[in-house]
Amino acid sequence: MVDIGLKPVEPYSFVATTRRLVRSEKALYRVRDGQFLRVLRIQGRPIPVEIGWESGQVRVQTTVELGTREREILARLIRRMFSLDVDLGPFYEHMKKESPLAPIIEERKGLHFVLDPSLYECLIKTVISQQLNLSFAGRLVYRLVELAGETIRYGDEELPVFPTPEQVARLDYEDLQKLQFNRRKAEYVIDLSRQVADGELDLEGLQSLSDRQVVEKLVALRGVGRWTAECLLLFGMGRPDLLPAADIGVRNAVKKAFELDGQPTEAEVREWGEGWTPWRSYVTFYLWDYLTEG
DNA sequence: GGCCAGGTGATGG
DNA sequence: CCATCACATGGC
């Protein structure tokens, strides 16, 4: 039995931060009266975890017995995933005179990233999402999880576990084509998983590199372009200053916020974004939220 | 029915 | 080097 309270750096809004999970992460997060339920791997062992908010803290619970070391790892993972140590004060200060973004940002005070628990999971989900509308992409992720991952029982629920690289590496391209992946995407997902499983691709080793070095390493992989590399830096690593300027969502959000007639080009978005340094990831994230949540 | 989705690599000039 | 294209499917 584990019950941990984790205090975030203020300002922090749990409701705003987890809203995205309800909408587009249904494959892996179950919602039960304001609480989130998902399986996290702690030292390779799948642990079902309940995550909620109580009196100013993130409350993490599981009925599974954990040792001291495992509890520490779990606490650290949750702190990283929910960005509990990120101080957004300087971001709000930096953006408060940026018209017309300031009010959009102000409305979302306390909204933080929710990072994926592993870079592998982030990479696979991002590759699957390439060029697809979010709802179809989410369905493909869920089908992959169902096909390749295991499930574990927690109370009266059967919970999906995101597959390991080894589990996906064992699939054939045709298995994913049957799930309505296009041929090339099936190849990307399986080939990348095989490289991770074989130890050719050390994703966690990227953590020590600069943004530029990470992009350089990742775009060398088949199926990974600049957009995917930047998303990994954003949603896998929580790096604060990435601007996926070619991204259709960012461009549509800029169009909406600045009331432009047409979609801005990648170069135009980059030019505007220069003033947002060193917080461009958070601007991106707030723009996506603005676009999807109004 | 056509066009676009939180792109990418293959192809052909 | 740059423009164009296919890719699976769903939503509008």
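A polar contact here is a pair of N or O atoms within 3.5 Å; within protein, one must be able to donate a hydrogen and the other to accept it, and residues adjacent in sequence count only if both atoms are side-chain atoms.

Some ground rules. This is a predicted model, where local features need pLDDT of at least 70 and side-chain atom pairs count only at pLDDT 80 or more, while totals for chains, interfaces and linings use all residues. Residues are numbered from 1 along each chain as its sequence is written, chains are lettered from A and ligands numbered from 1 in the order in which they are written, and side-chain values use heavy atoms, with hydrogens and water left out.

Now to the DNA. Where does a backbone N or O atom of Gly225 lie 2.9 Å away from DNA strand B? At a phosphate oxygen. Leu221 also brings a backbone N or O atom to a phosphate oxygen of DNA strand B, at 3.4 Å.

Of the DNA strand B atoms within 4 Å of the protein, 56% belong to sugar and phosphate.

Which helices contribute at least two residues each? Helix 9 (183-198), helix 11 (226-236) and helix 12 (248-258). Helices are DSSP runs of H or I, at least four residues; strands are runs of E, at least two; both are numbered from the N terminus. Helix 11 gives the largest share, four residues. By type, the surface has nine nonpolar, nine polar and four charged residues. Ala, Val, Leu, Ile, Met, Phe, Trp, Tyr, Cys and Pro count as nonpolar, Asp, Glu, Lys and Arg as charged, and the others, Gly among them, as polar.

Next, the strands. Two strands pair if DSSP finds at least two bridges between them. Strand 3 (residues 35-42) runs antiparallel to strand 4 (residues 45-54), with seven bridges. Phe36 stands opposite Ile51 in strand 4. Strand 2 (residues 30-32) is also antiparallel to strand 3, joined by three bridges. There, Arg30 stands opposite Leu37.

Conventions
A residue is near a molecule or strand if one of its heavy atoms lies within 4 Å of it.
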